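Here are some friendly notes to read beside the model. Take them one point at a time, and keep the 3D view open as you go.

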Amino acid sequence: MTLAETPFPIRTSGDPLRHDWRRDELRALFELPLSELIFSAQTVHREFFDPSSVQLSTLLSIKTGGCPEDCAYCPQSAHYETGVNAEKLMPLDKVLAEARAARDAGASRFCMGAAWRSPKDRDLDQVCAMIEGVKALGLETCVTLGMLTQPQAHRLKDAGLDYYNHNLDTSPEFYGKIISTRTYDDRLDTLENVRSAGIHVCCGGIVGMGETREDRIGMILTLANLPVHPESVPINMLVRVAGTPLAETPPLDAIEFVRTIAVARITMPRSMVRLSAGRETMSEETQALCFLAGANSIFCGPKLLTTRNPERDRDRGLMDRLGLSPMG
Ligand code: SF4
């Protein structure tokens, strides 16, 4: 099927955002010839974004390892032997030093991740101080702390938090094969608590976990049909970490990953689509295709929580060759 033959209009500039995507529509997008899919994604992307501009974010693990959850991809889960040791919450001055260094290296957004099922109220005091300190450096803030109650979300909002990250990870159908310690509905509840506190939502998932294309469709369908699209949609390629149950999962075809990015861009036109984990082993050509497909943010710095990420110089070189500049 070509673009002209799809049974639905992709989008005309100025159209309202849709929240009623159907599975057959997303399937038809995935099945387009790659040139048609990239053309559609670029057209949509240019309505809301400068296609040469990419946001640079930095992600710091402020509390590493020892997590009681059993996410099958995660080296920080206490259920698996991965060599990641449990650490205490990082002190404020160290977090602020990292944030300052990230800002000086060109980052405009600083994300902090803690390996918790959900934060305790006393933990939140320290996290709130981190948010206030990072904001005072002129950086956009994002935290990911696990499940959140509504009062906790309000506390984070009062500290000035811009974004809360809580991924759906995958489709509702495949979810049970990846996590057993919390439900899909638990995740949706946290997203609702974050949204109702007035915090922007960062929510995406991971592909390459052995799911089918129908699962990738199901994940994007869920995200794109939320009452408000997540302002930020990280799409991660599984990093296969030794010791986790997914360590031996066959790698996903790179073009299928690019297609997933493009469908996220088309269905959530105003959202930042973040090319997140998995870039360390991704070719520069695949990353270039992801940018063409509408990805407009990457994480910079040699570490992404506990896994490796390209060095800053490598990213700078790639952006120069592609003519991309950091988003202000
Ligand atoms: S992904 Fe988050 S919640 Fe899941 S095991 Fe890792 S740190 Fe814990």
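1. Helix α3 (residues 92–104) and helix α4 (residues 121–136) pack with their axes 10 Å apart, at an angle of about 30°. Helices here are DSSP runs of H or I with at least four residues, strands are runs of E with at least two, and both are numbered from the N terminus. Axes are lines fitted to C-alpha atoms, for helices over the stretch in contact, and angles run from 0 to 180 degrees between N-to-C directions. The two helices α3 and α4 are therefore roughly parallel to each other (under 35 degrees is roughly parallel, over 145 roughly antiparallel, 65 to 115 roughly perpendicular, and the rest oblique).

2. Before going further, please note that this is a predicted model, in which local features need pLDDT of at least 70 and side-chain atom pairs count only at pLDDT 80 or more, while totals for chains, interfaces and linings use all residues. Residues are numbered from 1 along each chain as its sequence is written, and side-chain values use heavy atoms, with hydrogens and water left out.

3. Which residues bring α3 and α4 together? From α3 come L92, V95, L96 and A99, and they meet A129, M130, G133 and V134 in α4; contact means heavy atoms within 4.5 Å.

4. Now look at helix α9 (residues 284–292) and helix α10 (residues 312–322), whose axes cross at roughly 60° and come within 11 Å. That is why α9 and α10 are oblique to each other. On the α9 side the contact is made by E284, Q287, A288 and F291, and on the α10 side by R314, L318, R321 and L322. This crossing of α9 and α10 is right-handed.

5. Helix α5 (residues 150–158) packs with α6 at an angle of about 40°, and their axes are 8 Å apart. That makes α5 oblique to α6. The residues in contact are Q150, A153 and H154 of α5 with N193, V194 and S196 of α6. The crossing of α5 and α6 is right-handed.

6. Y184 is worth a visit: you will find it in helix α6 (residues 184–196). Is Y184 buried or exposed? With a relative accessible area of 9%, Y184 is buried (buried is under 20%, exposed over 50%, and partly exposed in between, using a 1.4 Å probe and protein chains only). Leaving aside neighbours within four places in sequence, Y184 touches L168, T170, S171, P172, Y175 and T222.

7. The structure holds one aromatic pair. Y175 and Y184 form this pair, edge-to-face, at 5.2 Å centre to centre and 80° between the planes. Rings of Phe, Tyr and Trp (its six-membered ring) pair if their centres lie within 6.5 Å; planes under 30 degrees apart are stacked, over 60 edge-to-face, and the rest tilted. Both Y175 and Y184 are buried.

8. Two arginines meet rings as well. The charged end of R18 sits over the ring of W21, 4.1 Å from its centre, and R109 lies over the face of Y163, at 4.1 Å from the ring centre. The rule is that NZ of Lys or CZ of Arg is within 6 Å of the ring centre and within 35 degrees of the ring normal.

9. Finally, find S53 in strand β1 (residues 53–63). At 10% relative accessibility, S53 counts as buried. Not counting residues up to four places away in sequence, S53 touches N296, S325, P326 and M327.

Conventions
Left-handed = near helix turned anticlockwise from the far one by under 90°.
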